[in-house]
Amino acid sequence: MLTTEENDLLCRVEGDAPMGQLMRRHWTPVCLSEEVSEPDGTPIKARVFGEDLVVFRDTEGRVGVMDEFCPHRRVSLVYGRNEECGLRCLYHGWKMDVEGTVIEMVSEPSASAMTEKVKHKAYKVQEWGGCVWAYMGPQDNVPEFVPPPWAPTRDTKVSIAKILIPCNWAQILEGAIDSAHSDSLHSSDFLPARVGGAEATGKNWLRPSTDKAPRMQVQWGTYGFRYAAIRRPITKASENNYVRSTVFVAPATVLIPPNNLYNVANINVPMDDTNTAFYFISWGDPAKAPDTETWRKFLGAQVGVDLDPEYHPFRHMGNRFKQDRQAMKAGNFTGITGFPNQDIAMWVTMGPIANRSDDRLGASDFAIVEFRRQMLEAVKAFKEGQPAIGTGDLRIPSEICSFQAIIPKTTDWRDFGARPVWTTDANAPQLDSNYQTT
């Protein structure tokens, strides 16, 4: 349980809220690159940490992330003209480039020096792993961009489903690090089977255990933590454990245990206190990882089928998430199609911000307890002037990754030699200390 004050400290991100300020010290996805794929194309609106932004790709292919509202009379630039390496406001024709420099003020006299006195708010930008990233902390001290663990190299195949969810980021993240719920909520899609480890089919994920009450162990790090959900395997249970190890990368990323074909992750970007941009990611070897539309179809997260053009789900509380009660009577546990859709129904029904003073946590909630404790300690340390958790020298080591495996009971999962799923272990990507991001 948390007090109301602790819950606010954990969850709230807008304005000067300490958690939002901590998150701003990390590079953050603002949108998918595909949303602004066309030079001089339609600008889009984004919202991050309670701040309204406009995102556009200029004539030369550079991406700008700026304050949505024109510095002149504060009208929206989302409707502006994207032309000749700048975004022009429709109201009076002021034009800004991707760095926020006002390059034209057609409504001002030609002799005016006003362009030299006005600078529009714009953020440093990097494109990587299918996302447009921005650093929304102090612009006079921008750290280098470091590729995320789920896109360690430019040639890593990354497929992303984006869903905008009307609830706070922390309850979504807690769902991602809650290993025990998969045995109930996802039981019709994540099936026990006599397999050597987690496997993916075109319709389901399989795993070699029927154990619904995993034992939880956690190992803290400067970047967050990793934990093991330890279950009895279906075969040779007296000799082995089935271990699913998840990694929490502060402040808002989860590396989920992979299957035999590809790795899985998510990142939860707070749009504001009560809305989140949820990015669900498959990544890995181009020969085996699914393409984007196959991934989105598998998840039930296709634009035009499951989501509107702005990534809002067609399933919501107003239509009971399109739950099929007849399918439930026939054996389907939830009556809701798609892994994330089942999760979303749970997250949203907690309310815009879950009331953690009323929940009652058990042994299977160990990772959730640790998340709350670690992030509250981290945000308090940040308020006292310490570096934000997971930044600089505190960031996640390249050798840390999620894994799932049947291992002997004599082997400590902390010492298990895990590597990302790839065609062969030798080809699994390792983050080069001399990588180039441009």
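Here are some questions and answers on the predicted model shown above.

Q: What area is buried between domain 1 and domain 2, and what part of it do carbon and sulfur atoms give?
A: Interface size is often quoted as the accessible area lost when the parts come together. For this pair, 17 residues of domain 1 touch 17 residues of domain 2. The buried area is about 1200 Å², with carbon and sulfur atoms giving 61%.

Q: Which residues of domain 1 lose the most area to domain 2?
A: Three residues lead the domain 1 side, and together they make up 44% of what that side buries. They are H26, L32 and R47.

Q: How many salt bridges does the rule find across the interface of domain 1 and domain 2?
A: Side chains of opposite charge can pair when their charged atoms come close. Over the whole model the count is 29 salt bridges. Across the interface of domain 1 and domain 2, the number is three.

Q: Which element gives the largest share of the side of domain 1 that touches domain 2?
A: Between the domains there are seven residue pairs in polar contact. On the domain 1 side, the elements giving two or more residues are β1 (27-32), β2 (44-48) and β10 (131-135). That side divides into eight nonpolar, five polar and four charged residues. The largest share, five residues, comes from β1.

Q: How many residues apart in sequence are the parts tied together by D273 and R12?
A: The side chains of D273 and R12 form a salt bridge at 3.0 Å, N to O. D273 sits in the loop between β19 (263-272) and β20 (275-284), while R12 is in the loop between α1 (4-11) and α2 (18-23), so the pair ties together parts with a sequence separation of 261 residues.

Q: Why is one side of β12 and of β13 left without a neighbour in the sheet?
A: The open sheet here has three strands in the order β12-β14-β13, with mixed pairing. Because β12 (190-192) and β13 (199-200) stand at the edges, each has a single partner strand.

Q: Which residue of β14 is the bridge partner of F190?
A: β12 and β14 (residues 205-207) pair in the parallel sense over three bridges. Within β14, the partner of F190 is W205.

Q: Which residue in β8 stands opposite M96?
A: Four strands make an open antiparallel sheet in the order β5-β6-β7-β8. The edge strands are β5 and β8 (102-104), each pairing on one side only. β7 (residues 95-96) and β8 pair in the antiparallel sense over two bridges. Opposite M96 stands V102.

Q: What is omega for the cis peptide bond that joins A250 and P251?
A: P251 lies in the loop between β17 (240-249) and β18 (253-256). The bond joining A250 and P251 is cis, with omega about 10 degrees.

Q: What is phi of E84?
A: E84 is in the loop between β5 (81-82) and β6 (87-88). The residue is not glycine, yet phi is positive, near 45 degrees.

Technical notes
Residues numbered from 1 in each chain as written. Predicted model: local features only at pLDDT ≥ 70, side-chain atom pairs only at ≥ 80, totals over all residues. Heavy atoms only, no water. Contact = heavy atoms within 4.5 Å. Buried area = accessible area lost by both parts, 1.4 Å probe. Salt bridge = Lys/Arg side-chain N within 4 Å of Asp/Glu carboxyl O. Polar contact = N/O pair within 3.5 Å; in protein donor to acceptor, adjacent residues only side chain to side chain. Nonpolar A, V, L, I, M, F, W, Y, C, P; charged D, E, K, R; others polar. Pairing = 2+ DSSP bridges.
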